[in-house]
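Colleague: Before I use this model, I would like to go through it with you, from the overall picture down to single residues.

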Amino acid sequence: MDPGVCYIKPEYLVEIVKNADVKLGEYPEQHDLEKKASKKGKKRGQNKNRPVPYRVKREAQLCSSLVNGDSSASCSYPNCVYQHDVKKYLEEKPKDIGEKCYIYGENGHCQYGLTCRYAQNHIDEENKNLGATEGVRKPFTHVDIELLTSLRKRQYNLDKSRNISTEVEKRKCEGYTPDYDLIPERPAEKKKIDFRNKLFLSPLTTVGNLPFRRICKEYGADVTCGEMACVVPLLQGHKQEWALTKRHPSEDIFGVQLCGNKAALVAGATQILDEKVNVDFVDLNLGCPIDLIYKQGAGSALIRRQNVLEGIVLSCSAVLGDKPFTVKTRTGVYADKSVAHELVPKFEEWGASLVTIHGRSREQRYTRNADWKYIEECAKQAKEIPVIGNGDILNFEDYLESREIAPHTSGVMIGRGALIKPWIFKEIKDQSPWDPSATERFDMMKKFVNYGLEHWGSDTKGVETTRRFLLEWQSFLYRYVPYGLLEHPPQKINARPNCYRGRDDLETLMASNNCTDWIVLSERLLGPVPEGFQFLPKHKANSYG
């Protein structure tokens, strides 16, 4: 058998999978976009210069002072660009998506009021928002606006991290020994979080958002980590970057992953996270292969900048005090020069509490199978700290095989496998495969949409943001081949299936690799897309190796 082929039972094979519900002329702009993308040839990393799916104009949005339908309310901003004519706004507002508002059902009020795309569920005949309480308004980010203001004005006191990074630099360059209080604690002296034998959800850029992490927690993920956050935007008080640090109450062991190229900057961001955000650990990204990050000397570029890397780990471990500072790295920059086994004992010496090894180099990205034999070699180098393996886990059989090959690892981290089938955590814990029906998988997507509306908002902007992230996720979800259709289970992560039809029309639609079909699925959950809507997935890591 060809290991690159995912074999389907003959009765489900077809020459071409077409969606009967979609007419070829229904989304002409989308078809033109996909055609242009296919002509550009094979590129690695990201779909660059892709269009913005939809942008909501501020002039078309209702001013927040009027969302509850209070005609006596007035806007305090003389130059406010938002809509202040409630009657005109309601006439131009897109039609409601559904009859029941998830936010209103959960909380007894919806802070989006008249702007909610499910507003008829909580608006009375006089256009008053039911259940509204004074001052109820959802902030863009969970972080105090005063913190963001102090960061923008460079008024936040970072003396602690500056002093530590300066002392660490002296220690490295001059053989100088700093005061005891500044020396990173031994791993054994750190706050005890039992990382061993846990199932980790990998920090995933774009698709590892809070609603997706909630889904994975419900399926059994033990440890979650936010999307990679760049330290410079954090230090500058950018709302969008700080939004990545938000934690849901269900995430009982939660960390934030940082990406930076200088010890002082990463240590400064670590200090703020420790003082202002509810995190259990902070992780350092040494794996990001994207050219933009790599050329700045961050992500996987730090593997070859070990002097800077040492300063970052020493400084951040000291700044966090009793909280764990962890590291996630690839095997190296180049495929023929693996260095992670040399770095593991150094990480331990510098104060890291855990190391995760992604079994591929920066050069390989996702085009080769993860090297679990090398991960085992790395794990053997650690004395006390746990080493976690990462790569190509899509089934409980893959999990068992990885633990057999690498018995010295203390657990596994799952990335693409969780994106393709989030219930992988359930399968591993049950030690048996699960074959959810198309309806059950669709209900999971519906749950994600509800979580997305709660997180990003139920107004038009929030709906389209939820749709965009749903489509990004669908660019991975379509790769799941239902267990009952496999000729030789289990499915392997880099094995490409032949064209097939599902056991019903919905399952066939979910298997489509056509962006237009993904849009159709989103419309079943979030209503029709706006005029001119276009979409291409951000990452090309959803492709097969």
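Colleague: What percentage of the 545 residues in the protein is buried?

Modeller: This is a predicted model, in which local features need pLDDT of at least 70 and side-chain atom pairs count only at pLDDT 80 or more, while totals for chains, interfaces and linings use all residues. Residues are numbered from 1 along each chain as its sequence is written, and side-chain values use heavy atoms, with hydrogens and water left out. Taking buried to mean under 20% relative accessible area, exposed over 50% and partly exposed in between, with a 1.4 Å probe and protein chains only, the buried share of the 545 residues is 56%.

Colleague: How many helices and how many strands are there in the protein?

Modeller: Helices (H or I, at least four residues) and strands (E, at least two) are taken as DSSP runs, numbered from the N terminus. On that basis the protein has 20 helices and 11 strands.

Colleague: At what angle do the axes of helix α11 and helix α12 cross?

Modeller: Contact here means heavy atoms within 4.5 Å, and by that criterion Gln-306, Leu-309, Glu-310, Val-313, Leu-314 and Ser-317 in α11 meet Leu-343, Lys-346, Phe-347 and Trp-350 in α12. The axes are lines fitted to C-alpha atoms, for helices over the stretch in contact, and angles run from 0 to 180 degrees between N-to-C directions. For α11 (residues 306-320) and α12 (residues 340-350), the axes come within 9 Å and cross at roughly 35 degrees.

Colleague: Which residues have the most contacts inside the largest nonpolar core?

Modeller: A nonpolar core is a set of buried Ala, Val, Leu, Ile, Met, Phe, Trp, Tyr and Cys residues joined through side-chain atoms within 4.5 Å. Leaving aside neighbours within four places in sequence, Phe-347 is in contact with Leu-286, Leu-309, Val-313, Val-327, Thr-329, Ala-352 and Val-355. The largest core has 120 residues, and those with the most contacts inside it are Phe-212, Trp-242, Leu-258, Leu-284, Val-313, Phe-347 and Phe-425.

Colleague: Why does Ile-424 count as buried?

Modeller: Ile-424 is found in helix α16 (residues 424-430) and touches Ile-393, Leu-394, Asn-395, Ile-414, Gly-417 and Ala-418, not counting residues up to four places away in sequence. Of these, Leu-394 is 30 residues from Ile-424 in sequence and 6.7 Å from it in space, C-alpha to C-alpha. Ile-424 counts as buried because its relative accessibility is 0%.

Colleague: Is Thr-466 buried or exposed?

Modeller: Thr-466 has its place in helix α18 (residues 460-477). Leaving aside neighbours within four places in sequence, Thr-466 is in contact with Phe-448, Val-449, Gly-452, Leu-453, Trp-456 and Leu-526. At a relative accessibility of 0%, Thr-466 is buried.

Colleague: How far from Cys-101 is the nearest cysteine sulfur?

Modeller: With a disulfide defined as a pair of cysteine sulfur atoms within 2.5 Å, the structure holds zero disulfides. Cys-101, which counts as buried at 4% relative accessibility, is in no disulfide, and the sulfur of Cys-116, the nearest cysteine sulfur, lies at 3.8 Å.

Colleague: What is the relative accessible area of Glu-363?

Modeller: Glu-363 is found in the loop between β8 (354-358) and α13 (372-379). Glu-363 and Gly-332 are 31 residues apart in sequence and 8.4 Å apart in space, C-alpha to C-alpha. Glu-363 is partly exposed, and its relative accessible area is 39%.
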